Structure formats: C-alpha cells, structure tokens
Amino acid sequence: MIGQIVKKQALLLLRNPIQILLLVGLPIILIAILSTALGGMMMSGESPNIHVKLAFVEHGDEEAEIQRFLGELEDEGMPREAIEEMETGIEQMAPVSILKESVLGSEEVREFVELHEVEASELTEIWDDNSYTAVVEVPENFTYESLEYLVLNKNSQPVLEVSQNDDHQIGPMIINDILIQFQEQLTLGAFLEKNGIEQDVIQLDEGMFSGETLTLDQKNPIGSQEYYAVGMTVMNVLFIASTIGTIAFMEKKIHVFDRIILGNVSRWEYFIGVLLSGTLFSFIHLLIVYGFSWIVYGVRWPDLISFFTVTASLAIAVGGIAVLLTAISYRFNSEMITNFFAGIIVTLMAVLGGSFFPIGDSSAFIRALGNLTPNGAGMSSYLMILRGDGIAEISHHILFLILFAIASIVIAAISFPKRGASV
Amino acid sequence: MLELVDLSKKFKQNDAVKNLNMFIEKGEIIGLLGPNGAGKSTAISMLSSLIEPTKGDVRFRNKSMIKHPAPLRNVIGVVPQEIALYEDLTAEENMQFFGKIYRLRGIQLKKKIDEVLEQIGLTDRRKDIVKTFSGGMKRRLNIGVAMLHDPEIIIMDEPTVGIDPQSRNYILETVKRLNKEKQMTVLYTSHYMEEVEFLCDRIYIMDKGNLIASGTKDEIKRILSAEKTISIQADRWNDEFIEELKQNPTVNRVTVGEKEITIIIPREVNMFAAIIKMAENADVELNSVDVQTPTLEDVFLHLTGRALRD
Ligand SMILES: Nc1ncnc2c1ncn2[C@@H]1O[C@H](COP(=O)(O)OP(=O)(O)O)[C@@H](O)[C@H]1O
Ligand SMILES: [Mg+2]
C-alpha cells in the first residue's frame, strides 16, 4: 500500500513538468550564474566579506640559492659574459620574490589577502591559530630548483607546500587559484625570457577563477563551480520537502485523503508513504543535479561511498522535513507552514548553511549554526569529500543528519492528527 | 442494516448535527434532504467513520462502528460532495490508484475498471486527464471511483451539484439502475427536492442540524394532509373575482400571480363548481383549474416557514 502511495506521488510529480524543471533546472542554472558571478566579485576585490589571512614561511634563502645557481653555471663552464647578463636579468626570475611582491603583494590581491611572513619556528603556533586560512611554505632549494628547471630544463618544477584550514571554505580556494596561476605564469615568464621577449611583472589574468582545479601537494582545492554545485543542490533539495508537503495537503483539501482512509488504509501507512516519497525523490533529485554537475561542470567525487552515504542521509533528512510539513499542515488545516517554509525558511537555511557564500568563514558560531541545518551539514560533508576527506571525518555530520531526520519524524508523528481531530 | 443512534456533532459552539436517528435497510434508496448548512455532510462524515461523533452511535449489523470502523468501511462507497480526484491523472489512473487502495489487483482490477467506466459512461475518455473533463464527467468519475470495490451501500453527498441537466439526469438514472439491477443500497443527499422525490423510497429532512421529518414520500406529504392547493389559471383577472375568493370562508389563503392564482383550502372541500361560478359572475375567462399535489418543497415550507433553496 505504501508503495502505491509513493508510486502515485511520483506520477503526480511527473505530470507537472514545470515543477520538475524548477526543482532540477533551477539549481543547474544557479550554479552557472553564481560560480561566474562569484569569480567576478572576487576579481574586482569588492567584497569585504572575503578576507584571507596567509602565513608565508621560507625555509631556504633565495639570495643564497641564486648565488649558488650562478656559481654552478660558472662551474659548468658557461661564458663569463653570459653569466653576467643573466645576473642582471635574474631579478625577474627570482620566484619567491615574484610571488611575495608581485603576486601576493599586488594591489588587487592585497585587498583580500593579508600576508604574514613568519619564521619556521613560529609554525606550530600558527597551526593552532584558526584565524589563518592557509600556510604557504617555500621548501629549501625551491629557488635553486626552480631556476634549474626554468633555465636549464633540469629536474621538474618544485612545488610549494600549502596547508589549508578546512574550516574556511572560500579562502583556500582563492589561495589555490592564485598559486596555480603563479606557477603557470612563472613557467610562461621564463619561457618568454629565454626567448628574449620582454615581459612586465606577472599579471593575474581574467581566467583566474575559471573554477579549474589542479592538485597541489595536499588536499584537493575546491573550485567555485564545485562550491556552488554543492551549495545550490543542498538548497534546492529542500524544495522537494515543500513539494511533497504541498501535494499531501492538496490530497487533504480535495478529500482524496478521506478516500484513502475509507479504503481502510491506516493514516500511518499514508504517513510513511509521504516520508518515503520525500526521501526517495530527494535522493533522486540529488543524483540528477550532481550528475549534471559532473557532466556539465566537471564536479567529480573522489570517494563515492562517502558521497552516497551523505546523499542518502541528506535525503532522509529532507524526507523528515516533508512529513513534518505534511503533519503540521494537516493539523492546522492550512498550507501556510509549507508556503512559509518554501518562501522564507529555505532561504534562511541556505544562507546559514553557506549555499550562497561561505558565511561560516566569518565566525565559528555561525559555522556551528550552519552545520545544524540539514543543508549546511550536507554541504560541509560534500565539500569535505571533495577536498579528499573520508567517511570518518564527516561522520559527525552524517550522524546529525540522521538525528535531524528522526527528530522531524517523531515531531511529525506526534502532530499528525488522529481521527476526528480535524475534518 | 445500518443505523444512526442519537448521532450528534458539535463544532465548538455550533451544533452541526443534533440527535440524528436514522436507519437504512438493504436495497433501499434513502434521501437525506436539507438546505445548505443543514448538517448533511457532517452526518455523512460521521456515518462513514471520517469524523468521530460528539455523541451517539453508528451501528452496522448491530455492532458499533465508532471505535473499529473497518467492517463498515469495507462495505460502503462514499461519493464526497467535493470532486475528490487527481486532476492531473487520467480517469483510468485515478481508478487504478483508488482500486489499489481497496486492494484490487491485476486482472480483477482491470475488469472492474472496465465495468465501472461503462456504467458511468466514460469508457471512451478513460485515457484523458481529469482536468480536461466537464463538470458532469468529473461528477460521474467521482461516483465511479466509489463503486470500484462493489460496495453494498453507496453514500452520495450532493452528487449533482453544479452540473448541466443532462449529466444530472444521467446520474439519477444511473443511481436508479444500480439500485434496481444490483440491489445496491443508496443514501442520497441533496438539497434538490425533485431529485430526492424522483429517486427515494424513504426520506429524511434536516434543517439546522435537526431532523424535522422522516418517512416514505406519502407519509411526509401527509404532513400537509389538512390542506390542498388549487391553481387557477387565466389570461387576466379582475378585482371582483379576487375579492370574491378572498371573502370565501373556506379559502385559507390566496396568492395572486399574473396569470395564476393559488388558493389553499381544506383537503375535504370540493370547490371546482364554486370557482367556475365565481369566474362566470365576475366575467373572468378561465384557462384551467387544477388541484396540486404537494411537493417536498411545500412540506419544507410548511415545517420551517422557509424555502428549501435560499
Ligand atoms: N469542520 C468544521 N468545523 C466547523 N464547523 C463546521 C465544519 N464542518 C461543518 N461545519 C458547520 O456545520 C454545519 C453543517 O455543515 P454541513 O454538514 O456541511 O452542511 P450541509 O452538508 O448540509 O450543507 C454548518 O453550519 C457548517 O458551517
Ligand atoms: Mg454538504
């Protein structure tokens, strides 16, 4: 019987193409709009919200490494004049100085990146300081190896070590994008230099926030498209709850519910039918939108087991909301709660959960609050999975989602009117 | 077979139904007549176990159905006053869903759907979305859905509200036929007295939550047994004639219309000759003089002082 109710619910949804388009199409469009809009916002540096505190540690000594490199050229028997000429031009190839002064110190970047040069000995302190978004460490011999790679094509390009604060969401993304950009530009600059083409200080180009991601040496950075793919999906799946709630209340309003009851179907079978519809359709919704994100925006999931676990838990939580909305609207014989949820609560929860911008980065309290919304907990888990975390690291979010679902179902069951309580 | 005992329902301060007593025997068509707000739908909701009565009992085969209504639910088909159908689904999909709610499956369900569609005359529209149906077709499907599980008793709450006369006749004929051919017991609720008069063997009349009359059609009309109504028709009147009617001691009431005068006189009096004489004297050319059988409308008017339809 429950299966019949779910099946019919699905049929009703399918008969409503506009509804489906809104549920599935809207997040896909929003992902595109927001991920480009966010890129633009950060490029013009207009957002005071985005503030990245960056610690910068040099384990080596750039000047000494340059001298060592030049000395080596001499040992290899390079002509004296050539070396002298290189000495004057090497300024433009000193990678660490370029990064510090021309890139991180440039006017655009300075507006949102606060650069702190620190000693290696201070590192432990900084790890504990949650206000830092990321730590960039220049390993020993980085300059030397970079020059070897750039000038002599020896070895491979050395990498910077970047450690990110996982509690911050958008900051690490910015740092990663900047560094990727930097390494690409450095290679390009060296290429131009070698070929005798003059070039000015390295410029950050328009494509900086293309959302493309590369793996640096640590966890995966999150691109803006990934961020918004997750943000919009977890927000939009909440509308499944209100859609199911609306259908269920319509069944009461047009007395179809009465017919179901008269068929000796218990109201609890109906109740479970609503819960299962909400859960199942949410699950399918999440898979469809993430499927699109994968195909269209290239959002890939490194750990599918974690992904499905979070998706299932979030779907159950949304199913819980669906049955809660249904029960309350039945109790008060009014659709108001469902409309209020779809019109206002979803937006509030989306903002709090970080769907539009990483609101949690600004305060630990808001972050904690955001993680107490099902969409926020889902979003945090999804982002952690994208960064490379495993199921153990997200287990507390999953537990919250399940508890949230149970609480919703229990409250719904208590408020669902018994016979005769309402007509 | 089915019995309501002192059934009452109070919504806050509002007595929707007060001490309703009623019985229904197998094979009968029972009419429940009353103006809007009389309490008919509330009575039906209690009878069909959708709401719990404030007081009283619903008894089916001598067992109370208030706490455990399952046996009653299995044998009744309820046609709600509202169109309780999924507008976005087809006629057939609606029937499939509700049939499955009644635990019909497979071939049995399919055969039943075919049969009911035939009965309600919607076979050729089975694949159409209900939204596209006319009011009359929706009403017919609304009835059909309640018949899928072969109920012994069908309870219809104003099944003809807001539809064209043709669909209405179709529904009335269908109800009559089902009763005749399948001995289906029917409780038919309406505020149209002519429907109830056409269909029903026994009638209950409700007003403002109270049962104000009950019995067979003849029994109820005998409430008006002391008087009868005579309709006098002519193209024009004169004052002399009207005055003479009013002065006549046996005439209780005179109502003058443009081409018709109705008078109410004691049942046992015969006035034909007298009226014709009066007309001759006053030089009025009569078209006809008829004795009218009282209608349920007249009964209602007599009992409440109000017309059935406001
Ligand atoms: N759910 C309800 N809550 C409060 N009052 C109601 C409810 N249902 C019906 N009533 C009231 O009970 C009375 C009888 O209504 P109803 O049974 O629908 O009459 P009918 O079907 O004869 O038109 C009306 O006064 C109506 O306003
Ligand atoms: Mg009614």
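A salt bridge here is a side-chain nitrogen of Lys or Arg within 4 Å of a carboxyl oxygen of Asp or Glu. I kept that rule beside me while going through this predicted model.

**Ground rules.** I count residues from 1 along each chain as its sequence is written, and chains are lettered from A in the order in which they are written. Local features need pLDDT of at least 70 and side-chain atom pairs 80 or more, while totals for chains, interfaces and linings use all residues, and side-chain values use heavy atoms, without hydrogens and water.

**Confidence.** I looked up the scores for the complex and found an ipTM of 0.81 and a pTM of 0.72. Chain B averages a pLDDT of 89, with 97% of its residues at 70 or above; pLDDT is the predictor's confidence in each residue, from 0 to 100.

**Chain B overall.** I found 11 helices and 14 strands in chain B. These are DSSP runs numbered from the N terminus, helices being H or I of at least four residues and strands E of at least two. Of its 310 residues, 53% count as buried (buried is under 20% relative accessible area, exposed over 50%, partly exposed in between, with a 1.4 Å probe and protein chains only).

**Salt bridges.** I started with E93(B) and R15(A), whose closest N and O atoms are 2.6 Å apart. E93(B) sits in helix 3 of chain B and R15(A) in the loop between helix 1 and helix 2 of chain A, so this pair joins two chains. E93(B) is buried at 17%, whereas R15(A) is partly exposed at 29%.

Next I checked E28(B) with R202(B), which meet at 2.7 Å, N to O. E28(B) is in the loop between strand 2 and strand 3 of chain B and R202(B) in strand 9, so the pair ties together parts 174 residues apart in sequence. E28(B) is buried at 13%, and R202(B) is buried at 11%.

I then noted E87(B) and K138(B), paired at 3.4 Å, N to O. They link parts of chain B that are 51 residues apart, with K138(B) in helix 5. K138(B) is buried at 16%, but E87(B) is partly exposed at 28%.

I also wrote down a salt-bridge network that links E92(B), K110(B), D114(B), R126(B) and K127(B).

I looked at S64(B) in strand 5 of chain B.
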